[in-house]
Amino acid sequence: MSRLDGADRPYWEALADGRLLLPRCDDCGHWLWPAGHRCGACGHLGMRWEERPMAATIFTWTRTWHPFDGTQSLEVPFTTVLAEIDDCGIRLLGLLDDPDRVDPRIGEPISGRPGHTMNEGDAIPTILWSRTS
Ligand SMILES: [Zn+2]
């Protein structure tokens, strides 16, 4: 399955264009993630996509010291964060710009910029996170 044929297609297309779009119920306003076609809160069919700033806090993180399949383009060690996007509660995985390997703190504010990782010649859009404090 391609990342461009599912309910989250607008997310991937916007991220490739440098923007963060997230889905929201078109009726009750509940944020939906992963993207779907029906609201989990009210059952409404239909969503709208809203642009959000790439501002978040660290929900959790891990540092990878050994390459594994699909990560060959990343220099090890690399730090992955589960970032909770401000004011909507949606959590997204991304890479933390972590050149000094200072352990992140849960709840630490971070800001993102668009980037990509490579997998078998395919440029996959991602958010590259940096500390704001
Ligand atoms: Zn709803």
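Within α1, which spans residues 9–16, the buried positions are Tyr11, Trp12, Ala14 and Leu15. Viewed down the helix axis, these residues fall within an arc of 165 degrees, so they line one face of α1; the arc is that of the directions from the axis to the C-beta atoms. Just after α1, Gly18 adopts a positive phi of about 90 degrees.

The model is a predicted one, in which local features need pLDDT of at least 70 and side-chain atom pairs count only at pLDDT 80 or more, while totals for chains, interfaces and linings use all residues. Residues are numbered from 1 along each chain as its sequence is written, and side-chain values use heavy atoms, leaving out hydrogens and water.

Turning to the fold as a whole, the protein chain contains one helix and seven strands, arranged along the sequence as α-β-β-β-β-β-β-β. Helices (H or I, at least four residues) and strands (E, at least two) are DSSP runs, numbered from the N terminus. Of the 133 residues, 36% count as buried. Among contacts with a separation of 6 or more, 51% come from residues 24 or more positions apart. The C-alpha atoms fill a box of roughly 45 × 35 × 20 Å along the principal axes.

Conventions: Buried means under 20% relative accessible area, exposed over 50%, partly exposed in between (1.4 Å probe, protein chains only). Contact means heavy atoms within 4.5 Å.
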